[in-house]
Amino acid sequence: MPSVYIKTYGCQMNERDSEAVAAQLVAKGYTLATGEGSADVVLINTCSVRDTAEQKALGKMETLAGTLRDRRPAVVLGFMGCMAQSRGRELMDRVPDVDLVLGTQKFHRAGELLEELLSGRRSKVVETAAEPRSEASIREHLMPESGGARSVSAFVSIMQGCNQHCTFCIVPHTRGAERSRTIEEVVDECRELAARGVKEVTLLGQIVTSYGRREIPARDGRSGFVQLLDAVHAVEGIERIRFTSPHPKGYGPDLVEAFARLPKLMESAHVPVQSGSDRVLRLMHRGYTRSRFVELATQLRAAQPGMGLTTDIIVGFPGESEEDFAETLSLYREVEFDNAFIFKYSPRRDTPAATMPCPVPAEVIDERHARLLSLCDEVRKRKLGAMVGRRVEILVEGASRRNHSRMQGRTRCNNIVVFEGSPRHKGQVMDVRVTAATLTTLYADPAIHNPD
Ligand code: 5AD
């Protein structure tokens, strides 16, 4: 049987999609190649959210085509995911060696289409049409149990698409309209994961707070999303629940209250603010004001005083003035986020912002990006430094990435903790005492872990 290698760019949803396609192919008998050099099929799962992500994937495919096609003419090269969806056939004109372009609603057909390509029945395939129920169409969602190290933490896709239409964002074009899996489907997957030893699930979607908005009526004041959290909370063996990405508008009272009510729901919330200026927020079509956002941050911290708040911010949105940017800096200081992803605005095709007046010059964007990044580091350093000496609960994920003789876990607020442990700690929830902090990592003393 052929071997496959999947290279993934972009968000956690892309990682999950790559896992699902790999699982589907393994179920058909494929093996997973350890590198692109030896694979019969190489797929690149792409991201379109900023131009740099697209350029990286295109560059990678050009390099692969240049090196692999000569050596192994029969190799099948494919793009899948967001850029495949938004650019379609155009990608084959750009890199003529590409055999397959597989959109975001066609992952379940990867096996069948690859078979046609490998057998020579077809030579070029572009599949990007919309497909009803594609959010639930991959049957082999999970890898077969045998082989590979067991994961402690897993991603679970709960919905696809986004109807929000923020003016900067390409996602409604790449992922389509909102479609949710049922609560039963998600719970079944969580049960199966728990049976395999998974202790933590991260529920994924482009706008998870809109989960079930049309399909699931509110019950006792609880939205479909909070009903889902309740249902996943009841799954035995799952000890920690996270979710991403939400929209600030979706943090209604029921969700804020869930953070206080559900012990398995980690006190960590990613709340993408994008800008601190009301004027820019309006142009972005975000649907909230700065003061509402600050109120939400206060409510979340009232529900859980230790709440870790992280955010996404775009600098250099068209028309962003120095005053607007100053509002973003002051919001950052006011909320004291625990961490942030800071992005330079990148015009995306077919989005309203791409044609808005007064684009910000690249050097101004670079300068604002650097200023915000340094504020972000300053706040993060102070907040992580304040953790030293504290006792924190971690879930041990496995060996530290940097130093394999140490173990690594995550706090409830999602900070990485490295400590001198042993592999038997993997999968355990234990208390450690923080001894040192860098900008990215906490170091801890394992002396006081829980028995068993
Ligand atoms: N330019 C820059 N950043 C963007 N994001 C989304 N679209 C763009 C764009 N056109 C950022 C937002 C979003 C994150 C996933 O990517 O901050 O929350």
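Keep in mind that the model is predicted.

Let's start at the ligand.

Now the polar distances. Aspartate 312 places a side-chain N or O atom 2.6 Å from an oxygen atom of the ligand. For glutamine 274, the distance from a side-chain N or O atom to a ligand oxygen is 2.7 Å. Arginine 50 has a polar side-chain atom 3.0 Å from an oxygen atom of the ligand. How much of the ligand does the protein bury? On its own, the ligand exposes 400 Å², and 86% of that is buried by the protein.

Next, the open sheet. It has six strands, in the order S2-S1-S3-S4-S5-S6, and the pairing is parallel. Which strands sit at the edges? Those are S2, residues 31-32, and S6, residues 125-127, and each of them pairs on one side only. Look inside the sheet at S3 and S4. Strand S3 covers residues 41-46, strand S4 covers 76-81, and six bridges join the two in parallel.

Helix H1, residues 12-27, touches S1 (3-8), S2, S3 and S4. The direction of H1 makes about 175° with that of S1. Helix H5, residues 110-119, also packs on the sheet, with S3, S4, S5 (100-102) and S6 as the strands it touches. Between the directions of H5 and S5 the angle is about 170°.

On to the barrel. This one is closed, with five strands running S15-S16-S17-S19-S18 and mixed pairing. From one strand to the next, the twist averages 55°. Take S17 and S19 as an example. Strand S17, residues 416-419, runs parallel to strand S19, residues 441-445, and four bridges join them. Valine 417 is bridged to leucine 442 in S19.

Last, two backbone details for anyone setting up a calculation. Where is the cis peptide bond? It runs from threonine 244 to serine 245, with omega near -5°. Serine 245 is in the loop between strand S11 (240-244) and helix H9 (253-261). The other detail is aspartate 220. Its phi is positive, about 50°, although this residue is not a glycine. Aspartate 220 also lies in a loop, between strand S10 (200-204) and helix H8 (224-233).

That's the tour. Questions are welcome.

Notes
Residues numbered from 1 in each chain as written. Predicted model: local features only at pLDDT ≥ 70, side-chain atom pairs only at ≥ 80, totals over all residues. Heavy atoms only, no water. Polar contact = N/O pair within 3.5 Å; in protein donor to acceptor, adjacent residues only side chain to side chain. Areas by Shrake-Rupley, 256 points an atom, 1.4 Å probe, with all protein chains shown as cover. Pairing = 2+ DSSP bridges. Axes fitted to C-alpha atoms, helices over the stretch in contact; angles between N-to-C directions. Contact = heavy atoms within 4.5 Å.
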